[in-house]
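Hello,

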Amino acid sequence: MNPARGDGSPQARQAMLDEYERLTGFRESNFNAVHHHRVAMYGPPCPRCGKVLRTPIAYKCFECGYVVHEPNWSFLFTVTDVAEAKGRGTMLVTRPQNIEGKLRVAI
């Protein structure tokens with residue numbers, strides 16, 4: 001059992017739905033929908049407009065377009081050999097066998 005979800009009893013579920021309504025002003029009837037809106041899924045506020053970034057690793061604000069920091073996708077993959085770099089260095093052209101890591105490569 002996930003401790004964040006209480007004991008799973010109908011009373012605990014109703015208490016969570018009541019608290020969700022108190023915090024958001026929206027009456028939700030689906031208990032699982034409340035967990036879809038976890039704060040950990042989102043990033044910090046944008047320094048320019050104050051809207052919340054879409055993910056914790058977002059480099060750009062979706063609302064105003066402000067670039068918070070340069071993109072860093074190194075945690076996803078490593079390119080072992082680059083055939084060509086286009087644009088401002090964010091588009092790499094290479095062969096699928098030159099990519100290692102979590103990224104799925106369609107051949």
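Below I go through what turned up, from the overall layout to the charged residues and a few places in the loops.

Please keep in mind that this is a predicted model.

**Overall layout**

The protein contains two helices and four strands. Followed along the sequence, these elements come in the order α-α-β-β-β-β. Of the 107 residues in the protein, 12% are buried. The accessible surface amounts to about 8,600 Å², and carbon and sulfur atoms supply 54% of that area. As for contacts with a separation of 6 or more, 10% of them are between residues 24 or more positions apart.

**Helix 1 and its end**

**Salt bridges**

How many salt bridges does the structure hold? There are three, and I will take them one by one.

With a relative accessibility of 34%, E19 is partly exposed. R22 is at 58% and therefore counts as exposed, the cut-off for that class being over 50%.

Next is the pair of R27 and D18, where the closest N and O atoms are 3.0 Å apart. D18 is another residue of helix 1. Its relative accessible area is 38%, so D18 is classed as partly exposed. R27, at 41% relative accessibility, is also partly exposed. While you are looking at D18, you could pick out S29 as well: these two are eleven residues apart in sequence, and their C-alpha atoms are 9.6 Å apart in space.

The remaining salt bridge joins the side chains of E21 and R27, at 2.8 Å from N to O. Which residues do shared partners join into one network? They are D18, E21 and R27. E21 has a relative accessible area of 30%, which means that it is partly exposed.

**E28, a buried charge**

E28 may be worth a stop on your way through the model. This residue lies in the loop between helix 1 and helix 2. Is E28 buried or exposed? E28 is buried, yet it has no salt bridge. The nearest side chain of opposite charge belongs to R27, and it is 8.9 Å away. A salt bridge would need a nitrogen and a carboxyl oxygen within 4 Å, so R27 at 8.9 Å does not qualify as a partner for E28.

What does the side chain of E28 reach? It comes to 3.0 Å from the backbone nitrogen of N30. Setting aside residues up to four places away in sequence, E28 touches L17, Y20, A33 and V34.

**The loop between helix 2 and strand 1**

Two residues here may interest you. P45 is found in the loop between helix 2 (31–36) and strand 1 (77–79). With 52% relative accessibility, P45 counts as exposed. Apart from its neighbours within four places in sequence, P45 is in contact with G50, K51 and V52. P45 and V68 are 23 residues apart along the chain, with a distance of 10.0 Å between their C-alpha atoms.

I57 is also placed in the loop between helix 2 and strand 1. Its relative accessible area is 53%, so I57 is exposed. From I57 to M41 the distance is 9.9 Å, C-alpha to C-alpha, and the two are 16 residues apart in sequence.

That is the tour. If you open the model with one thing in mind, you might begin with the network of D18, E21 and R27, and then turn to E28, which is buried and has no salt bridge.

Happy viewing, and do write back with any thoughts.

Best wishes

Key:
Residues numbered from 1 in each chain as written. Predicted model: local features only at pLDDT ≥ 70, side-chain atom pairs only at ≥ 80, totals over all residues. Heavy atoms only, no water. Buried < 20%, exposed > 50% of the residue type's maximum accessible area, 1.4 Å probe, protein only. Contact = heavy atoms within 4.5 Å. Areas by Shrake-Rupley, 256 points an atom, 1.4 Å probe, with all protein chains shown as cover. Lys, Arg positive; Asp, Glu negative; His and termini not counted. Polar contact = N/O pair within 3.5 Å; in protein donor to acceptor, adjacent residues only side chain to side chain.
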